[in-house]
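Please keep the 3D view open as you read.

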Amino acid sequence: MKDIRMTMAQALVRFLDQQYVSFDGQESKFVEGIATIFGHGNVLGLGQALDENSGGLKYFQGKNEQGMAHMATAFARQNNRRKIIACSSSIGPGATNMITAAACATVNTIPLLLLPSDTFACRQPDPVLQQVEQESSLTVTTTDSFKAVCRYWDRLQRPEQLMSAMINAMRVLTDPALTGAVCIAIPQDVQAESFEYPDYFFEKRVHRITRRIPSEDELRLAEAALCESKRPLVVCGGGVRYSEAGEVLEQFCEQFCIPFTETQAGKSACKSGNPYCAGGIGATGNLAANTLAADADLIIAVGSRLSDFTTASKWLFQHPGVKIISINVSGFHAEKMDGIGVVGDARVSLELLMERLKKNEYRSSYTTEITAAKNSWAQEMDRLASYQYGKNFTPLVQAGNPESISDFIRQTGSCITQTAAICMIRKVIDKNAIIVGASGSLPGDLQRMWTTDVRDSYHMEYGYSCMGYEIAGALGVKLAEPDREVYAMCGDGSFYMMHSELLTALQEHRKITVLLFDNAGFGCINNLEMGNGIGNLGTEFRYRSTDGKQDGPFMQTDFAKIAEGYGIKGYRAKTPDELESALNDSKKQTDPVLIDIKVLPKTMTADYGSWWHVGVASTSKKQAVADAYERKETHRKQARKY
């Protein structure tokens, strides 16, 4: 044993460079590198350590701390949680910018290591620049804000605390059930302090991600429930993807004639072309999946959190005797909705259940129902693909729409509907291309409409529905999959919030294609308010008129010019032909590109027999609001109470 004298920051870099994971016998390096925006809090500590000897770690220069951390989250997710990029910031605003990204990673169970700088442990220069002082306690700093959104949190007041902190950080980051954001706050003076670290702290560490085997009792109960079921339905969640269990889930459903549906996180774990795939389920689900879900007497949720969108706020499963089996590595998620919890790895659990059901010669009672449901949805898909204004066009939300749509058409000259644009994109781009999305109306349309037979090609952050994730996330995906085309699908509202990592993508020579759907507003929330009786308030991008209201002409942005200002190629599309031409030409480019697609408002998909519980005013002078409240109460009475 030998002690090595170095600063805490130098030790941190050396430790991160020696972390590996092993999954199914395959070993890989865990930490790809560190992304930072340097400030006074970290440039002389962690910055010095990276400059002197970064080992095998890559350095990434972020442009916005939140975007940088979204990039890292997407990178980890596309690598099925077996590779990460750590993120460091200065103190104060640099740190708090990462809180949203921390919450996003934790909600989606994605490993994200955050290393925000902190105020001086010695307190001698307090208050330093960007320090928030709390009169009630000097131990409270900005980084305490991370506690609510992280799986593990620590602050290093002495350099030797690095050892226990990082070992625990790795424990959480590599645990499939516990993983999420991890925050290790590093005071700027402690980063530069030296300690005699033992050499064994820097030895290669291999963290083994094991496939957890469910208990015999859990399997027995699940087997009994399945054998009694006539019309079971599988919900394929994100856990199927991270377990790489898609092929086994398909075999399970084919063996026993069971249809399967997809959550946002689970989509593309299995093939859309599988005859038992009914597509997206729930509040953003399609007609086929929701029709089958309403009649199912058993729901088999595999790797799903059973969120309000997946279950349509616990209203979707209408069979009076419906039971739920929840297969999940997390006991917390497995016990939801009074289900039969099977705590284990998705692939192993399905394989063990399959063996038991084969011995029982089990088969569901479905005859023509699966095919009929899929055929009904196929007809609707044909309609959506040819959705045109002036032909088969009906606004998604009626109240107040015709005037808004005609205003938009007159001012922009556009004639593209959102659903037709999505179908056009699916037809033109490569079959193995990866699409990335996060917020607004696009996730609903994509969960319903997008099809792919290439696994892990649908990357949707919808656990936190974080606006601004799309472009940063697309860069993270491209870093993980450099040989595949990556498309960021975002609305104009999300683009306004964050597009800074476009510059990082250009800097890294990573081509991403931004498909920007511009409908001049927060269209999804505009639908929500108008569909519940509220007027057109604060959700369209309009100039303020002379009477003081924001009901003047639409604000028009030339997003292609913004792209050109970054130094990347921009396209404009107002017609289907222009969109197809832009898509084809964009595939020839080697640097990032952006296609500014002007899409007509209210041309999204409908809810297809689902419900979403939102807080509707119980008292209002407007009859439309009162009617919306009554509808909400009717559905609430039909839903499970918890």
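R572 stands opposite D596 in β23. Helices (H or I, at least four residues) and strands (E, at least two) are DSSP runs, numbered from the N terminus. The model is predicted, so to speak of local features pLDDT of at least 70 is needed and side-chain atom pairs count only at pLDDT 80 or more, while totals for chains, interfaces and linings use all residues. Residues are numbered from 1 along each chain as its sequence is written, and side-chain values use heavy atoms, leaving out hydrogens and water.

**The sheet with β22 and β23**

Strand β22 and strand β23 (residues 593-598) run parallel and are joined by five bridges; two strands pair if DSSP finds at least two bridges between them. They belong to an open sheet of six strands, ordered β19-β18-β20-β21-β23-β22, with parallel pairing. Its edges are β19 (458-460) and β22 (569-573), each with a single partner strand, so one side of each has no neighbour in the sheet. From one strand to the next, the twist averages 20°. Axes here are lines fitted to C-alpha atoms, for helices over the stretch in contact, and angles run from 0 to 180 degrees between N-to-C directions.

**The sheet with β15 and β16**

Another open sheet of six strands has the order β14-β13-β12-β15-β16-β17, again with parallel pairing. Here β14 (277-280) and β17 (340-343) are the edge strands, pairing on one side only. Averaged with direction ignored, neighbouring strands of this sheet are turned by 20° against each other. Five bridges pair strand β15 (residues 298-302) with strand β16 (residues 323-328) in the parallel sense, and I300 stands opposite I325 in β16.

**Helices on the sheets**

| Helix | Strands | Angle |
|---|---|---|
| α10 (residues 246-256) | β12, β13, β15 | about 170° to β12 |
| α14 (residues 346-359) | β15, β16, β17 | about 130° with β16 |
| α18 (residues 442-449) | β18, β19, β20, β21 | about 150° with β19 |
| α23 (residues 559-566) | β21, β22, β23 | about 175° with β22 |

Strand β8 (residues 152-155) and strand β9 (residues 181-187) run parallel, joined by four bridges. The chain passes from β8 through helix α6 (residues 162-173) to β9 in a right-handed β-α-β crossover; a crossover is right-handed if, with the strands pointing away from the viewer, the path from the first strand over the helix to the second runs clockwise.

**Helix α3 and its partners**

How are α3 and α5 placed relative to each other? Helix α3 (residues 65-78) and helix α5 (residues 99-107) pack at about 20°, with axes 8 Å apart. They are therefore roughly parallel; angles under 35 degrees count as roughly parallel, over 145 as roughly antiparallel, 65 to 115 as roughly perpendicular and the rest as oblique. In α3, Q66, A69, H70 and T73 meet T100, A101, C104 and A105 of α5.

Helix α3 also packs against helix α19 (residues 469-480), at an angle of about 45° and with axes 7 Å apart. These two helices, α3 and α19, are therefore oblique to each other. Among the α3 residues meeting α19 are G67, M71 and F75, and the α19 side includes Y469, L475 and V477.

Note on methods: Contact = heavy atoms within 4.5 Å.
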